Amino acid sequence: MTRPTKPAKPGMGKPSFKDVSSGFVTGLFSIPEGMAYASIGGFAAPLGLWSGVVPTILGSMFARTVLMITTLTSAIAFTSHSVLESAGLEFDDVGAIATMTVMVGIVMLVMGLLRLGSVMAFVSTAVMTGFTTGIAVQILAGVMDDATGYAPESSNTVGEIVETILHIGQWDPAAISVSLGTVAIWFIARMFRGLRKLATLIALILATVIAVVSAVDVELVQDIAPVPSSLPPITLPDVSAIPHLVTGAAAIALVALAQAAGISASVPNPDGSKPDASRDFSAQGVANIAGGFFGALPAGGSLSRTGVATSAGATTRWAGIFAGIWLALIVLAVGPWAGNIPMAVIGGLMLVIGAELVIGRKSDIRLVWGTSTASAAAMVITFVATTMLPLQQAIFLGAIISIVLTSVQSAKVGRLRMLTPREDGDWLTSDPPAVLPSGRSTVVHYYGVGFFAEVNRLEQEWPDTHGATDAALVVSMRGSLNIPSATFLKMLDRKAEQMRADGVGLVISGVPIKLHDMLERSGALERIGPENVIPESDALLESVTLGLARAEVLRAHQAGRDTTES
């Protein structure tokens, strides 16, 4: 007998040359992007670098989404800025920043240990498609300034892209030429099979060299802030800041959970192992707790840097580990030299990565769009929310939409079907009768889970027993009623009382243990009659057969009472 295969769990794996080179590309890419994200959040640029060292290494070591890169993101930078501002703390207060990062890590770790990442199970494919596509569009909008030299003023993600396109006349020729040149180099490298996984690295280095040699007048990384040539500094949290950051730390953690969930959905594990949102959250928690002591801002799953890593050929979690190590070595060895990378080169590569992420969701978008109007609406609403609202609000709005859609679908699933025995032992299924037939026992099977929203439809399909004589009804529930609600049990009790008053026997067959216990605790078992509740059995139709036999006994008893009374 073959034993069932357990789901694969991602291990460390063996590092490959692709992981080393991918880590180098990601580490090099982290210099300009990390500094830029820290700066747009109002923080000292080097903090963006340190967010890509210790947090990235530890996050990659423990995450269940093995290719996910844990580091500072634009959304986390903006949220962190808002949290410190609301708390009345300074953006250059190293102790307060360390406290914030450690507290975010503690919240993440606790939520992961409590398995609260399972909330993502309530997020449907439609919602997750809208969410991840919205994040990809956010990446595109975030590099409009670097790629074109035009800084859009719109506060809306899509609005930034539209505004930039409408003001094409104000684009900086130098910036656009460098960014488009970077994209062109990337495409040319991708045309050669042996260079595809190195296309991002080739484009980054070659475009930078050409821009520097040509002395093109564009913004450089060092224009944002000087790139240091040192390892991450030791920083100690300021305990006095804790009361001011409790709520804010939870908000930042929620943003990170939402982003990590999007990565988990769009970047599958190469080894086929299943991701685990709670494990990812715990990994990010450990990364932030440690990162807080090494000068890092709060970190979470980065879709852009994960995209860079996968585009550069990452195959195992070692790619992320090498990314953190390479970043530290590059900064330590030639940090100031990395300051010569043009921001337009970064903008060009981010355009490619953002477009790849959007195109990667094309099949899911097509699937959701063709599934149903409700699914398509959920996808669109979530996309709009992701591009207009804070991410933690967008993902929970998506979860609410998913739950509502599930409720609507569950309400439609719950129904009754009449079972009619044939001479050859099989059973025919058909719609239940509107009026319960007299002079016979009728069997109906209930399909559903006991969800309260099913009750209205079931009451409409329940045969009318008023006026029926010499009749009994068997309700089969085998394989159903996994989560019986109080509303469902109340309806069942009410129907049993009505049928008693009408002199019609009721037998419930195939009753699961959980439902049997609930009927007993509520007193309904005694009112229905313990002998009229047939437990679920291993044999497929045994409980139906026993229930039908019990119904015939009830009819015989009722006929005897009628004879005695007459």
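**Pockets**

I started with the largest pocket: 46 residues line it, and Ile40, Ser74, Phe78, Gln138 and Gly142 lie nearest its centre. Before going on, I noted that this is a predicted model, where local features need pLDDT of at least 70, side-chain atom pairs count only at pLDDT 80 or more, and totals for chains, interfaces and linings use all residues. Residues are numbered from 1 along each chain as its sequence is written, and side-chain values use heavy atoms, with hydrogens and water left out.

For my own reference, a pocket here is an open set of points on a 1 Å grid over the protein atoms alone, where a 1.4 Å probe fits, with protein on both sides within 12 Å along at least five of seven lines; lining residues have an atom within 4 Å of a point. The volume is the space filled by probe spheres set on the points, with grid points joined across faces, edges and corners.

I got a volume of about 1,200 Å³ for the largest pocket. Helix α1 (residues 17–40) gives the largest share of its lining, 6 residues. Helices (H or I, at least four residues) and strands (E, at least two) are DSSP runs, numbered from the N terminus. I then sorted the lining by class and found 23 nonpolar, 18 polar and 5 charged residues. In that sorting, Ala, Val, Leu, Ile, Met, Phe, Trp, Tyr, Cys and Pro are nonpolar, Asp, Glu, Lys and Arg are charged, and the others, Gly among them, are polar.

The second largest pocket has a volume of about 360 Å³. I counted 15 lining residues there, with Gly307, Thr310, Ser311, Glu356 and Leu357 nearest the centre. Two or more lining residues come from each of α14 (303–311) and α16 (343–360), and α16 has the largest share with 4. By class, I noted 6 nonpolar, 5 polar and 4 charged residues.

**Two single residues**

Is Thr442 buried or exposed? Thr442 is buried, at a relative accessible area of 0%; buried means under 20%, exposed over 50%, and partly exposed in between (1.4 Å probe, protein chains only). I placed Thr442 in strand β5 (residues 440–447). Leaving aside neighbours within four places in sequence, I found Thr442 in contact (heavy atoms within 4.5 Å) with Met418, Pro433, Leu436, Pro437, Ala472, Leu473 and Val474.

I looked up Ala434 next, in the loop between β4 (427–430) and β5. Ala434 is exposed, with a relative accessible area of 65%.

**Ring pairs**

How many aromatic pairs did I get? The count is 5, taking rings of Phe, Tyr and Trp (its six-membered ring) with centres within 6.5 Å; planes under 30 degrees apart are stacked, over 60 edge-to-face and the rest tilted.

Phe24 and Trp326 make an edge-to-face pair, 5.0 Å centre to centre with 80 degrees between the planes. Phe24 is in helix α1 and Trp326 in helix α15 (residues 318–338), so the pair ties together parts 302 residues apart in sequence. I have Phe24 as partly exposed at 23% and Trp326 as partly exposed at 27%.

Tyr446 and Phe488 form a tilted pair, 5.1 Å centre to centre with 40 degrees between the planes. This pair links strand β5 to helix α21 (residues 486–501), 42 residues apart. Tyr446 is buried at 1%, and Phe488 is buried at 2%.

**Charge pairs**

I count 13 salt bridges, each a side-chain nitrogen of Lys or Arg within 4 Å of a carboxyl oxygen of Asp or Glu.

Asp431 bridges to Arg415, with the closest N and O atoms 3.7 Å apart. Asp431 sits in the loop between β4 and β5 and Arg415 in strand β3 (residues 415–421), so the pair ties together parts 16 residues apart in sequence. Asp431 is exposed at 51%, while Arg415 is partly exposed at 27%.

Glu461 and Arg457 meet in a salt bridge at 3.4 Å, N to O. They are 4 residues apart in helix α20 (residues 455–461), which means about one helical turn between them. Glu461 is buried at 17%, and Arg457 is partly exposed at 28%. My last entry is a network: salt bridges that share partners join Arg415, Arg417 and Asp431.
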